[in-house]
Amino acid sequence: MKANFSGTVVRWGYLAREAVLILAGSYLVMFASTHNGLVMYEVLMVTAGLLAMICAFWLGAGQYGRVPVRTAALVFLGTLVLSVGFSVDPRRSAVEVWLAAVALFWFWLAADLTRRGWGAELMSKALLIVGALPMLFAWIEAGTWYTQWVASSGSWIPTVTYRLPLPNFFGVILNVLLMTALVRLVMTRSWGGRVILGLWSLSALALIFLTSSRGGWLGTAAGLGTLGLLVVRDRAADLARAWKWLRQRRGMLVMLGILGAVLLAGVAWVLYRQTLHPTHSPLFTSRQYLWAPAWEAFLRSPLVGSGPYTFIYFYLANASIPPETLFVYAHSMFLDVLSGSGLLGLGAFLWMLAALVRWLWRGLRSAQGFERAAILGGLGALAAFLVHGLVDSVHHTIPTSAWVAAWVLGTAAGSCPVNEGIVRRTRWGVGLGLGWVLSLLAGVNLWLLAPMQQGVAAANVGDWRQAEAQFTAALERDPHLSVLYADAGMTQAVLAAEGEAGALQRALGYWQLATDMDPAWSVYHANLGALYAAVGQQNEAEAEWALAVRYAPRSPLFWWNYGLVLAGQGKGDQAGQAFAEVLRLEPRYAEGEGWAAAGETALRTLADWQAAQSASEPELAVLEAETAQGSGVVGPYLQLARRYLDAGRAQDADRVVQQAGLVFIPTDLDRLELDWLRAEVRAALGDQSEAARMGRQTLDKAQVWGANGPGSMGKLVYAPLMFRRPGLIRDLVPQVSVPGLGPTWAERAVQVQAWERGK
C-alpha cells in the first residue's frame, strides 16, 4: 500500500518495517557499536546472531545485482586486508578491518533495502528516530549538570564551560543526522512534520554547540554549506528574483546586511566562549603531537602502511601515558588511513569517495521527492563527515559514527534512479557474501574471546586460580594477542604475592613476551621492572624502569620506582634526580610514608625539596574571585572549600564542593581530595552517618593504586580500546612500590572511625 499520511489507513507492512528498522538501529547505535558493545561477550553474541539473521533473510529475498561503488569499495577493503599482513601488530589490525567491513556491509544493506521498496522516506525517518535516543541521553546529562550548577551557584548563567562527554564522537553523529533532518524539513508538506523536524534540528545544533568540538563545528559548516550550494543550484531562478527585489529596496538590504553581520559576530563570540575549556589546546597546535606519530608510521612503510589501528604503537613512543590521555587515533581520518594502509590505502579510499560522490551526483539529476531529499542529505552528511575527518578520526575507535554514516549514505545511494533494464536480483551478491564472511569471523571472535572473558571475570573478583586456568586456555586459542600475556602475567604476579612457589618466574616469562609484542607501552615495562627487582635481578630491573620512564616521563609513580632501583644499585646521584622528578611532577607525594624507608638518598632529596618550598597560600579573596569568574579546573575550588571548612562556614563549603564537581578534574588525586571534602562537609552539616559512608568509600579508593596513582585502579582502558577485549581492574603487579599518602590520610582514617561511632 502506498504511503498515506492522513492516518486513515493502517499500513501494517510499513509499520512492521519501521519497527524492524528502529529496533535494529537502536541496538546497533546504542549497544553493538559502543565501547562496551565491542567488548562484552553477550552483546557480541547478539551482534553475531543479528548479522547471520540478516544474511539469511537477504539470501531468501535476493540482492539487487547492481551494487553502489562496488569495485572501488572492494579495492579499498583489499588494501586494508593487504596492510594487515605488513602490520606492526596484525592481530590488532585484523579487528579494525573487520569493523570497517561491517560499515561497508551496512552501506550496501541500506542501499538494497531502499531500492527494493522500503524507501528513502522510511529509512531516513527510522534513523532520525533512532538518533533521538542518544540526543535524549545527552540532554539529560546536560540538564543534570545545569541543574546542579544553578543549585550550587544561584546563577542562571554558568561562568564555567560545559562540554558533553565524548564530544568529537558525538559531534560527527549529530552532523550526519542533522543534514538528513534539514533536507526532510524542507521537503515535507506536513506542518506537524515540520515542527517535529524543526525541533529535532534545533536540538542537534544546540548539542553540537555543547560538544565544543571545533572539528565538529567545521563539519557542521561544511555540511550546511554543501546543502546551501545545492539549494542555490536547484532554485537559482527563485533566488535571482528575490535578489532583484532586494536590490530595489536598498534600505532593507543594508538593514539585513547589518543584522547579518551582528548575528555573525554574536555567533562567533558565543563559539569562542565555548572553546574556553581546559581540555582544548591552542587551535593551530592542538593536533601536532598527534599527527607527528602518524606521519612516522607512514614513513615506516609508505606503500602499504604500518597496519590499520596501529597509531597507538607509535604514539606511545612520543607521549607520556600515564598520566596523559590514551589517544588511540591520529585525530585525522586521512592520516589514519595513510599511516595504516599507506599510499595504496589512501589512493583506494579517495577513489571510493570519488565513486560515491559521482554515484550520488548522477542520481541527483533525476531523483524526486524523498529520494531526492535522501541524496541531498547524503551529500551534506558526506561533506560534514569528511571535513570533520580532516582534524579528527571520525571513522573508528567507537564505530557508531561510521555505521550511522553508512546508513545515511547507503539510503542515499539506494535512492538514486537506476536503469531498470540492468537491475536484477540475485541470490548471491557482494553485499550478501561479505555479510556471511563477517558472520563467520564474528563466530571465530566469540570462540577466541570465551576463555579470556571468563578469566578476566574471575580475576576481577579475586579468583586468581580460575583466572590462571582460563588465561592458559585463551593463549592456546589466541597466541598473538599481547594483552593476554599481560593478563596471564598479572595472574602469576598476584599468586606470587600470595606465596605460591614458582609464580614469580612464570610471571616474568609472560611479561617479557608482552613487552616484546608491545614494546612502547610503559605499564608493561613498569610491571616487568618490578618483577625483576622482586627476584633480585637488579640490572634488568633498572633497564625496565628506565624504559618505563622513557615512555612515560611524566609519571611520578614510575620515577619513584626507578629511584628505588637506582638507590639499591648504589647510584645515589641518579637516584636523587629520579626522586626530585617525583616531587616536581606531584608535590603531594612528599607526604608519603614510603620516603622514610626509601633510604638516605630519598630522604636527602625530600629534605632539600622541602627547604626550597616558599609558596604561600593565596588569599581568601583571590580564591573567591577566581571561582566566581569560573575557573576551568578544580584546584581553586578545593582550596576555597578547605578554607571555608577551617573557618566554620559549612554552607559556603557545601556550595563550593558542589561547583567543584562541575568543572574539569585533571587527576585522580584531585578527585580523591574532592570526595574527602564532600565527606567533611556532610559532617560539618551534622550528617555524620553520610559523612562516614562517603569518607570510608574515599579511603578505600585512596588505598588502591593504579598506574595513574591513588584511586586510579581500573581507569586504564588499554585492553578494551586497543584490542576490543575486556580488561583487568588491576593494572600494576603487587610488586610495584608506591610512596603512600602519608599522615594526612592516616588522620582521615581516624576521623572516619569517629564519624562511624557518631562522635
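1. Salt bridges overall. A search of the whole structure finds 28 salt bridges. The structure is a predicted model, and every value in this note is computed from it. Side chains of opposite charge can pair when their charged atoms come close.

2. Glu324 and Arg554. These two residues form a salt bridge in which the closest N and O atoms are 3.2 Å apart. The pair links distant parts of the chain, as 230 residues separate the partners. Glu324 sits in the loop between helix H12 (311–315) and helix H13 (333–364). Arg554 sits in the loop between helix H21 (538–551) and helix H22 (556–568). Is Glu324 buried, partly exposed or exposed? Its relative accessibility is 30%, so Glu324 counts as partly exposed. Arg554, at 41%, also counts as partly exposed.

3. Arg465 and Glu468. Here the side chains meet in a salt bridge with an N to O distance of 2.8 Å. Both residues belong to helix H17 (residues 464–477). Because they are three residues apart in that helix, about one helical turn separates them. Arg465 is partly exposed, with 46% relative accessibility. Glu468 has 18% relative accessibility and therefore counts as buried, since buried means under 20%.

4. Asp654 and Arg682. A salt bridge joins these side chains at 3.7 Å, N to O. Asp654 is in helix H27 (residues 650–660) and Arg682 is in helix H28 (residues 668–684), so the bridge connects two helices; the partners are 28 residues apart, and the pair links distant parts of the chain. Asp654 is buried, with a relative accessible area of 14%. Arg682 is partly exposed, with a relative accessible area of 24%.

5. A network. Which residues are linked in a network of salt bridges? They are Glu18, Glu121, Lys125 and Arg184.

6. Helices H3 and H4. Helix H3 (residues 70–85) packs with helix H4 (residues 90–118) at an angle of about 170 degrees. Their axes are 9 Å apart. Angles over 145 degrees count as roughly antiparallel, and H3 and H4 are therefore roughly antiparallel to each other. On the H3 side, the contact is made by Arg70, Ala73, Leu74, Leu77, Leu80, Val81 and Val84. On the H4 side, the contact is made by Pro90, Ser93, Ala94, Val97, Ala100, Ala101, Leu104 and Trp108. Of the residues in this contact, 13 are nonpolar, one is polar and one is charged.

7. The largest nonpolar core. In soluble globular proteins, nonpolar side chains tend to be buried together. How many residues are in the largest nonpolar core of this model? The core has 231 residues. Phe105, Trp106, Trp511 and Phe558 touch the most other members. H4 contributes the largest share of this core, with 15 residues.

8. Trp511. What does Trp511 touch, not counting residues up to four places away in sequence? Its contacts are Ala486, Gly489, Met490, Tyr524, Asn527, Leu528, Leu531 and Val733. Trp511 is also among the core residues that touch the most other members.

9. Thr491. This residue is in helix H18 (residues 482–497). Thr491 is buried, with a relative accessible area of 1%. Leaving aside neighbours within four places in sequence, Thr491 is in contact with Trp464, Ala467, Glu468 and Phe471. One of these, Glu468, is the buried partner in the salt bridge with Arg465.

10. Ala442. The place of Ala442 is in helix H16 (residues 430–460). With 8% relative accessibility, Ala442 counts as buried. Apart from residues up to four places away in sequence, Ala442 touches Ala48 and Trp98. Ala442 and Glu586 are 144 residues apart in sequence, and their C-alpha atoms are 45 Å apart in space.

11. Leu229. This residue lies in helix H8 (residues 214–234). Is Leu229 buried or exposed? Leu229 is exposed, with a relative accessible area of 63%. Leu229 and Trp361 are 132 residues apart in sequence and 13 Å apart in space, C-alpha to C-alpha.

12. Ala625. Helix H25 (residues 620–628) contains Ala625. Ala625 counts as partly exposed, at 34% relative accessibility. The C-alpha atoms of Ala625 and Gly198 are separated by 41 Å, and the two residues are 427 residues apart along the chain.

Conventions: Residues numbered from 1 in each chain as written. Predicted model: local features only at pLDDT ≥ 70, side-chain atom pairs only at ≥ 80, totals over all residues. Heavy atoms only, no water. Axes fitted to C-alpha atoms, helices over the stretch in contact; angles between N-to-C directions. Helix = DSSP H or I, 4+ residues; strand = E, 2+ residues; numbered from the N terminus. Parallel < 35°, antiparallel > 145°, perpendicular 65-115°, else oblique. Contact = heavy atoms within 4.5 Å. Nonpolar A, V, L, I, M, F, W, Y, C, P; charged D, E, K, R; others polar. Core = buried A, V, L, I, M, F, W, Y, C linked by side-chain atoms within 4.5 Å. Buried < 20%, exposed > 50% of the residue type's maximum accessible area, 1.4 Å probe, protein only. Salt bridge = Lys/Arg side-chain N within 4 Å of Asp/Glu carboxyl O.
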